[in-house]
Amino acid sequence: MKSKTLGSEGFAGAVVLTIGLALLQYFFASQRNYSVDFGVCLPSPNNWALPELWSWGINYAMIIGSGVALIFFNKGYSVIQSADMVLPSMFLMLTATNPWAGGALGSSSLMVMINLFCLATIFSCYKSFNATQEVFVVATMLSVGSMFQYAFIFLMPAYIVIGLLMQCFRWKECAAFLMGIAAPYWCGIGLGLIPLDQFSIPNFTTVWENTASAGDIFTGVLSIGVTAVIASILTLNNSVKLYAGNTQRRLYNNSIAIIGLVCIAGLAFDFSNLPTYLATFYMTVAFTIGSTFSLYTIRKPGLWLGIITAIYLIFFLVMIF
């Protein structure tokens, strides 16, 4: 049996690193606003008028909470056939080293938590003959999310495909999915909680529209671009071994890859809304890295993880100073 690449000490180190980088960003970069309002009918989290300290603290609490949730998620579904802490540690490291994903409460941390919940719910329906309740809940969560951030709309077709992969999406589940999407809007409008004049059409643009400097944009895009290319290569490489392995695990990994593709498309074509996709994107990358270390025998894995962390730390320091 393979020895662990990272144990609980490694994850604890990742949590400490996340807190340390969060403090650095709070004191040196918290004044920079990397988000704008992209709610369909309700204000996005970054416009909830929270005190700066509360906004910063809640955001990083959600990020660290998502890292902990990944541990239980993987234990429950064995997406990665390993008890290593590479998955949650890489998620925390990648997310914490990109200032665009932190600094203040935003849609990014909200999206990754909702995605984890939706993935866990839909994975529990694998080959289920009646998944209407679960599918309705998933659609409702995505619909509520879309009220605060239109990027959730792009995830809806992705979860339909994932439902098909899980072999639990039939005509009645399709009806449940549509009702789940409609229910929050129907209730909000019907009860008078959401005036019709509050609805807005998303403004898609590939131009950065906030206060980030040209240097920040170049460094951030370089970091994300390199990550996307390497993650895509590793995903294709992992698929070869996964294809010959357990079918259920392969479908789980394919489902997460679909979410990753949606995020990459959002990062490329919805550039002004880029920060929203980051935490979820990094979650899918963490799954890819974790699978790579689980599927292949890598010499000196700790050294490789250290090198990866050092590279992203350099990106982080360049962006905030």
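In helix α3, the residues Val86, Leu87, Pro88, Ser89, Met90, Phe91, Leu92, Met93, Leu94, Thr95 and Ala96 are buried, where buried means under 20% relative accessible area, exposed over 50%, and partly exposed in between (1.4 Å probe, protein chains only). This helix spans residues 86-96 and is mostly covered, with 11 of its 11 residues buried. Its buried residues pack against α1 (8-28), α2 (52-77), α4, α10 and α11; a contact here means heavy atoms within 4.5 Å.

The model is predicted: local features need pLDDT of at least 70, side-chain atom pairs count only at pLDDT 80 or more, and totals for chains, interfaces and linings use all residues. Residues are numbered from 1 along each chain as its sequence is written, and side-chain values use heavy atoms, with hydrogens and water left out.

**The chain as a whole**

The chain has 11 helices and 0 strands. Helices (H or I, at least four residues) and strands (E, at least two) are DSSP runs, numbered from the N terminus. Read from the N terminus, the order of elements is α-α-α-α-α-α-α-α-α-α-α. The radius of gyration is 19 Å, close to the 20 Å that the globule rule gives for 321 residues, so the chain is as compact as a globular protein of that length. That radius is taken over C-alpha atoms, and the globule rule is 2.2 Å times the number of residues to the power 0.38. Along the principal axes, the C-alpha atoms fill a box of roughly 60 × 50 × 30 Å.

Of the 321 residues in the chain, 50% are buried. Among the contacts with a separation of 6 or more, 84% are between residues 24 or more positions apart. The chain exposes about 14,600 Å², and carbon and sulfur atoms supply 71% of that area. Accessible areas come from the Shrake-Rupley method with a 1.4 Å probe; for residues, only the protein chains shown count as cover.

**Charges**

The chain has 12 positive and 10 negative charges, and their mean positions are 23 Å apart. Lys and Arg count as positive and Asp and Glu as negative, while His and the chain ends are not counted. The place of a charge is taken as NZ of Lys, CZ of Arg, CG of Asp or CD of Glu.

The structure holds 1 salt bridge, defined as a side-chain nitrogen of Lys or Arg within 4 Å of a carboxyl oxygen of Asp or Glu. Glutamate 173 and arginine 170 form this salt bridge, with their closest N and O atoms 3.9 Å apart. Glutamate 173 counts as buried because its relative accessibility is 0%. Arginine 170, at 33% relative accessibility, counts as partly exposed.

**Residues in helix α4**

Asparagine 115 belongs to helix α4, which covers residues 107-123. Its relative accessibility is 0%, so asparagine 115 counts as buried. Leaving aside residues up to four places away in sequence, asparagine 115 touches Leu155, Tyr159, Ile259 and Thr280.

Leucine 110 also has its place in helix α4. With residues up to four places away in sequence left out, leucine 110 touches Pro45, Met62 and Phe152.

**Distances between residue pairs**

| Pair | Apart in sequence | Apart in space |
|---|---|---|
| Asparagine 237 and serine 107 | 130 residues | 31 Å |
| Tryptophan 54 and alanine 104 | 50 residues | 8.4 Å |

Asparagine 237 sits in helix α8 (residues 214-243) and counts as partly exposed at 39% relative accessibility. Tryptophan 54 is found in helix α2 and, at 59% relative accessibility, counts as exposed.

**Positive phi in two loops**

Most residues other than glycine have a negative phi. Glutamine 167 has a phi near 60 degrees, a positive value in a residue other than glycine. Glutamine 167 lies in the loop between α6 (151-165) and α7 (171-190), and its relative accessible area of 39% makes it partly exposed.

Lysine 300 also has a positive phi, near 50 degrees. The loop that holds lysine 300 runs between α10 (274-295) and α11 (301-320). With a relative accessible area of 59%, lysine 300 is exposed.
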